[in-house]
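Here is a short tour of a structure for a reader who likes to look at helices and side chains together. Please keep the view open while you read.

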Amino acid sequence: MEHGSTGVAVGGAAQADLDARWRFLRGEVDRQLALFGRRRRRDKRKAFGLQMATVTLSATITVLLGLRTSDATRTLLLNIALGLGALITVLATAEAFFTHRRLWVLRTATVRRLETLSRHVDFHTAGADSRPTDAGALAECLAELDVIIADDQKAWQHLHESPPT
């Protein structure tokens with residue numbers, strides 16, 4: 001019989017069950033890391049795209065309003081600038097409503113916490129013959145995974161309940 005970190009003998013069936021639970025936890029941490037990593041990249045891409053579109057349109061308006069042209073062309077350029085200004089308003093409203101930048105920051109923090117948990121799981125499973133025996137550490141790691149996911153959900157909910165700033 002093998003002995004766990006608590007000094008209690010761990011039988012073959014119990015060890016197999018514990019090993020299976022650690023494998024489940026490893027798979028779940030990996031799955032959550034992939035999921036939140038994708039969300040983080042998506043939110044970063046959307047935040048960057050909205051910001052760059054707004055800046056580009058603003059610069060275009062400045063150029064259109066500053067061009068020296070004939071009266072007929074000037075009227076057309078003013079109308080285009082007006083339309084682009086309205087589009088900027090729509091983009092700014094979309095950013096305020098969806099808060100992609102704030103979501104990106106939130107997801108980055110969640111990914112970092114999941115990476116830390118992943119290292120802890122690796123540490124606990126790197127025991128003798130890669131056979132983890134500490135059921136207490138397993139329960140702590142699973143509880144930490146639940147807290148990380150719940151904290152992210154609460155923060156997401158708070159972002160979407162708060163009025164845009």
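A residue counts as buried when its relative accessible area is under 20%, as exposed when it is over 50%, and as partly exposed in between. With that in mind, 28% of the 165 residues in the protein chain are buried. Please remember that this is a predicted model.

**Overall layout**

What does the secondary structure of the protein chain come to? The count is four helices and two strands.

**How the helices pack**

Two packed helices are described by the angle between their axes and the distance between the axes. Two such pairs can be followed here, and both involve α1.

Take helix α1 (residues 12–66) with helix α3 (residues 100–125): their axes come within 8 Å and cross at roughly 160 degrees. An angle over 145 degrees counts as roughly antiparallel, and α1 and α3 are therefore roughly antiparallel to each other. The crossing in which α1 passes α3 is left-handed. Sorted by class, the residues in the contact of α1 with α3 are 13 nonpolar, eight polar and eleven charged.

Now turn to α2 (71–98). Its axis lies 9 Å from that of α1, and the two helices pack at an angle of about 160 degrees. That makes α1 roughly antiparallel to α2 as well. Here too, α1 passes its partner α2 in a left-handed crossing.

| Pair | Apart in sequence | C-alpha to C-alpha |
|---|---|---|
| Leu-64 and Leu-76 | twelve residues | 9.6 Å |
| Thr-62 and Ala-81 | 19 residues | 8.2 Å |

How many aromatic pairs does the structure hold? There is one. Its members are Phe-97 and Phe-98, whose rings are edge-to-face, with 4.9 Å from centre to centre and 85 degrees between the planes. Phe-97 counts as exposed because its relative accessibility is 56%. Phe-98, at 40% relative accessibility, counts as partly exposed.

Next comes Thr-99, which lies in the loop between α2 and α3. Is Thr-99 buried or exposed? Its relative accessible area is 5%, so Thr-99 is buried. The backbone of Thr-99 is worth a look too: phi is near 50 degrees, a positive value in a residue other than glycine.

**A charge over a ring**

For a last stop, find Arg-39 and Phe-36. The charged end of Arg-39 sits over the ring of Phe-36, at 5.0 Å from the ring centre.

Notes: Residues are numbered from 1 along each chain as its sequence is written. This is a predicted model: local features need pLDDT of at least 70, side-chain atom pairs count only at pLDDT 80 or more; totals for chains, interfaces and linings use all residues. Side-chain values use heavy atoms; hydrogens and water are left out. Rings of Phe, Tyr and Trp (its six-membered ring) pair if their centres lie within 6.5 Å; planes under 30 degrees apart count as stacked, over 60 as edge-to-face and the rest as tilted. Buried means under 20% relative accessible area, exposed over 50%, partly exposed in between (1.4 Å probe, protein chains only). A charge sits over a ring if NZ of Lys or CZ of Arg is within 6 Å of the ring centre and within 35 degrees of the ring normal. Axes are lines fitted to C-alpha atoms, for helices over the stretch in contact, and angles run from 0 to 180 degrees between N-to-C directions. Angles under 35 degrees count as roughly parallel, over 145 as roughly antiparallel, 65 to 115 as roughly perpendicular and the rest as oblique. A crossing is left-handed if the near helix is turned anticlockwise from the far one by less than a right angle, and right-handed if clockwise. Ala, Val, Leu, Ile, Met, Phe, Trp, Tyr, Cys and Pro count as nonpolar, Asp, Glu, Lys and Arg as charged, and the others, Gly among them, as polar.
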